[in-house]
Amino acid sequence: MLKIQNYIDGELVEPVSGNYLDNTDPSTGQVYSQVPGSGAEDVERAVAAAEEAFPLWSDAPAAERSDVMLRIADLIETRLEEFARAECVDNGKPLALARSLDIPRAAKNLRFFATAVLHAHSQVHTADGPVLNYTLRGPRGIAGIISPWNLPLYVLSWKVAPAIATGNTVVAKPSEVTPMTAYMLSQVCREAGLPAGVLNIVHGRGAEAGAAITAHPKITTVSFTGGTVTGREVAKSAAPMFKKVGLEMGGKNPTIVFADAEMDRAIEQGVRAAFANQGQVCLCGSRIYVEQGAYDAYVERFVAAARALNVGDPLEPGTDQGALVSKAQFEKVGRYVALAREEGGEILCGGSPPGPINDRCKDGFFYQPTVITGLSAECRVNQEEIFGPVTTIMPFETEDEVLAYANGTAYGLAASVFTQNLSRAHRLAERIDAGTVWINCWMVRDLRVPFGGMKQSGVGREGGEEALRFYTEPKNVCLQKA
Ligand code: NAD
């Protein structure tokens, strides 16, 4: 059985302890590979390699760093099919999605930041007096990067790319639930000639390898994407050492549909927002609020569209919905659907695993797209992140009422508003507490824009300039001219 290896100091190595964890294919429920169960001693080695690599890498001309990153992007694209298949098997997501979204986006992330640093500029503050101020921006040192399982290579590369492009070195820990494409990335980095120690990938459990990263005094920058409860632990561990911390956490994102919306689009995008990647995207719209006059028709059409989604073998071309990532996630979704029933919800479709898919997938963690009505805005199902193919639909009457619903959770990651009334769209966009508001669309991403959450969804922003700033330290120089 394949044993994934850590990537430390340019080499593929076993964990010091020799411990491995099982890695399961969620579509079959079978263990198909092993992942290092690394600990503090592996992180220590990775930090030593990152420290040694830092002077040369941070001093290298931007064009040199850029070239090697572009080679990595090229190699990922050359092996697109291999990467996409690996992501599909490891995560349970449809192969078509990994092929069209996850893997191309990883290559794009690398290219985006590899070329952004070629256009970097710094600031000069000319003043009336006899002084001149200019601001230098240099890499911060060793960055610790911790990423989740839902978009494995996509999120990992979204963090690694700006970190290394700006001259930092990295110790990264991908999710132990989906480690395969990070392992393949380490192979590609070796082939592309990334200098040893610039990127180190340590696999293992969060409480062990992850906690060792956040606690390491030489890792002064920590970028984390994952659940809010874990984010709190990361913040707790990093705060006493005054690390710079970026946290991208959970969401409970509202989709708001007014009666004047273009309904075909509001249905199509609402369904995509609810169920993309089996509902396992932090940006998923899992609470849908529909204006009273349009409510009945919206619910009917939405349920029909949800029922039409094909839950199937993720390797098959016609599959819209693959497997949930793990047994734990499958059980969590089941628990929330049971809770929805207790809270008085009516399950209009789904609410259980599908019938048999095929022999290969008979023990997989599949769940049907589930639509629930009849719940209050305050109930737990409408307050807590489920992170599965489950959405609720509720009616509203006024703009102020729906705004209160939208803002009435602890989260503030994203929101979508569907309306043809331009003034209302702008008004709501301004008043919704979320890092991203989409109007008449969902999950249209532009790598230049700030990305992140408010309230318990996050601290800081990623994307474009924000990421370049996060991984660099400004230093102002003041010069007396006369
Ligand atoms: P998770 O919090 O369980 O794990 C995320 C990562 O943190 C994993 O690599 C894990 O091993 C590690 N980890 C766990 N405990 C740790 C600890 N004590 N110290 C350091 N690291 C630790 O999240 P998940 O279940 O992998 O991912 C799903 C969550 O991620 C959802 O809540 C989702 O909303 C969120 N997410 C957010 C964004 C965003 O941009 N805001 C994007 C994707 C996913």
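Predicted model: local features only at pLDDT ≥ 70, side-chain atom pairs only at ≥ 80, totals over all residues.
Me: How many helices and strands does the protein have?

Reply: Helices (H or I, at least four residues) and strands (E, at least two) are DSSP runs, numbered from the N terminus. Here you get 14 helices and 23 strands.

Me: And what does the radius of gyration tell me here?

Reply: The radius is taken over C-alpha atoms, and the globule rule is 2.2 Å times the number of residues to the power 0.38. For 482 residues a compact globule would come out near 23 Å, and the protein has 23 Å, which agrees. Its C-alpha trace spans about 70 × 65 × 40 Å along the principal axes.

Me: What share of the residues is buried?

Reply: Buried means under 20% relative accessible area, exposed over 50%, and partly exposed in between (1.4 Å probe, protein chains only). By that rule, 56% of the 482 residues are buried.

Me: How do I read contacts along the sequence?

Reply: A contact means heavy atoms within 4.5 Å. Take the contacts between residues at least 6 apart in sequence: 75% of them join residues at least 24 apart.

Me: Which residues have the most contacts inside the largest nonpolar core?

Reply: A nonpolar core is a set of buried Ala, Val, Leu, Ile, Met, Phe, Trp, Tyr and Cys residues joined through side-chain atoms within 4.5 Å. The largest one has 71 residues, and Ile72, Ile76, Leu185, Leu194, Leu199 and Leu283 have the most contacts inside it. Its largest share, 10 residues, comes from helix α5 (residues 152–165). Another core lies apart from it, with 21 residues, among them Ala274, Tyr298, Leu309 and Ile393.

Me: Let's zoom in. Where is phenylalanine 83, and is it buried or exposed?

Reply: Phenylalanine 83 sits in helix α3 (residues 80–91). It counts as buried because its relative accessibility is 0%. Leaving aside neighbours within four places in sequence, its contacts include Ile76, Leu153, Met184 and Val188.

Me: What does threonine 373 touch?

Reply: Threonine 373 lies in strand β16 (residues 370–373) and is buried, at 6% relative accessible area. Not counting residues up to four places away in sequence, threonine 373 touches Tyr295, Val299, Gly345, Glu346, Leu348 and Ile393.

Me: Now backbone angles. What is the phi of phenylalanine 387, and what is the phi of asparagine 440?

Reply: Phenylalanine 387 has a positive phi of about 65 degrees although it is not a glycine. Its place is the loop between β16 and β17 (390–396), and at 14% relative accessibility phenylalanine 387 counts as buried. Asparagine 440 has a positive phi of about 60 degrees, and it is not a glycine either. Asparagine 440 is in the loop between β20 (436–439) and β21 (454–455), and is buried with a relative accessible area of 17%.

Technical notes: Residues numbered from 1 in each chain as written. Heavy atoms only, no water.
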